[in-house]
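Dear colleague,

Please find below the structure that I am handing over to you, with its sequence.

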Amino acid sequence: MKEYIQAVVTILALINPLVCMAIFTDCVSGIPPEQKVKEALKALTATGAVLFASAFFGMAVLKNLGISMAAFSCAGGGILAWIGANMLTPDRNAPSAIATRDSKDISLSPLILFAASPGTITAVITIAATHNRHDMPVTAVAGVAVALVVLAAALLSAAKFSKVENKKSGMREIISSYMGVLIIAMGIQFILSGINEFSK
């Protein structure tokens with residue numbers, strides 16, 4: 001049970017639904033609510049495809065490259081700790097979203113690149129490599145699934161209520177900072193797990 005909680009907290013902290021809501025709101029401003037819902041579903045589909053693919057095929061890629069799970073756990077943990085440290089500094093973790101308000105084409109690239117960032121992909125593969133049961137990344141898949149449900153709720157809420165300006169940027173920064181601390185702790189835990197695996 002602890003492994004599943006760890007996976008959910010790590011992936012959810014990296015996806016950061018609050019920041020995703022702000023990016024999504026900027027990307028879809030000026031379009032009808034029905035279209036906003038469709039765009040939210042597109043973003044969720046793309047994000048889910050990337051993260052589930054990382055969970056199922058990430059370890060196979062590592063094996064083909066001759067990289068041990070312990071080594072990747074250490075490397076992934078280091079990356080997560082670095083990302084968490086960056087999240088402690090305000091305004092670093094939210095990319096600027098450029099919405100094509102003059103066109104019918106809406107670009108969700110900033111949102112997808114943030115939610116399914118290299119850091120999130122690294123976390124998913126690291127969790128799959130660390131908590132692997134019967135050659136199936138059950139823990140990583142469960143963590144991704146729960147995180148996507150939360151992200152879906154956030155984006156659909158933003159699609160429905162995005163007319164209201166979000167003035168709670170300070171609250172987002174505080175929550176992001178706490179998540180950064182959690183990610184640093186998770187990263188260190190992955191490093192220690194990798195070192196422990198090496199020592200066996």
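At roughly what angle do the axes of α2 and α7 cross, and within what distance do they come? The two axes cross at roughly 35 degrees and come within 9 Å; axes here are lines fitted to C-alpha atoms, for helices over the stretch in contact, and angles run from 0 to 180 degrees between N-to-C directions. The crossing is right-handed, the near helix being turned clockwise from the far one by less than a right angle. On the α2 side the contact (heavy atoms within 4.5 Å) is made by Pro 17, Cys 20, Met 21, Phe 24 and Thr 25. On the α7 side Val 150, Leu 151, Ala 154, Leu 155, Ala 158 and Ala 159 take part.

Please note that this is a predicted model, in which local features need pLDDT of at least 70 and side-chain atom pairs count only at pLDDT 80 or more, while totals for chains, interfaces and linings use all residues. Residues are numbered from 1 along each chain as its sequence is written, and side-chain values use heavy atoms, with hydrogens and water left out.

Overall fold

The chain holds 8 helices and 0 strands; helices (H or I, at least four residues) and strands (E, at least two) are DSSP runs, numbered from the N terminus. Of its 200 residues, 44% are buried, meaning under 20% relative accessible area, with exposed over 50% and partly exposed in between (1.4 Å probe, protein chains only). Among contacts with a separation of 6 or more, 88% join residues 24 or more positions apart.

The nonpolar core

The largest nonpolar core has 43 residues; such a core is a set of buried Ala, Val, Leu, Ile, Met, Phe, Trp, Tyr and Cys residues joined through side-chain atoms within 4.5 Å. The members that touch the most others are Ile 15, Cys 20, Phe 24, Leu 151 and Leu 155. At least two residues of this core come from each of α1 (2–15), α2 (17–27), α3 (33–64), α4 (69–87), α5 (109–115), α6 (118–130), α7 (138–161) and α8 (169–199). The largest share, 9 residues, is supplied by α7. Apart from neighbours within four places in sequence, Leu 155 is in contact with Cys 20, Met 21, Phe 24, Ala 40, Ala 43, Leu 44 and Leu 111.

Helix α1

Helix α1 has 14 residues and spans 20 Å from its first C-alpha to its last, close to the 20 Å expected at 1.5 Å a residue, where the expected span is 1.5 Å times one less than the number of residues. Its buried residues are Gln 6, Ala 7, Val 8, Thr 10, Ile 11, Leu 12, Ala 13, Leu 14 and Ile 15. Just after α1, Asn 16 adopts a positive phi of about 55 degrees.

The structure holds 1 salt bridge, defined as a side-chain nitrogen of Lys or Arg within 4 Å of a carboxyl oxygen of Asp or Glu. It joins the side chains of Lys 42 and Glu 39 (3.6 Å, N to O). Both residues lie in helix α3, 3 residues apart, about one turn of the helix. An α-helix has 3.6 residues a turn, so residues three or four places apart point the same way. Glu 39 is buried, with a relative accessible area of 5%.

Also in α3 is Ser 54, which is buried at a relative accessible area of 9%. Leaving out residues up to four places away in sequence, Ser 54 touches Ile 121, Val 124 and Ile 125. Ser 157, in helix α7, is partly exposed, with a relative accessible area of 33%. The C-alpha atoms of Ser 157 and Val 37 are separated by 9.2 Å, although the two residues are 120 residues apart along the chain.

With kind regards
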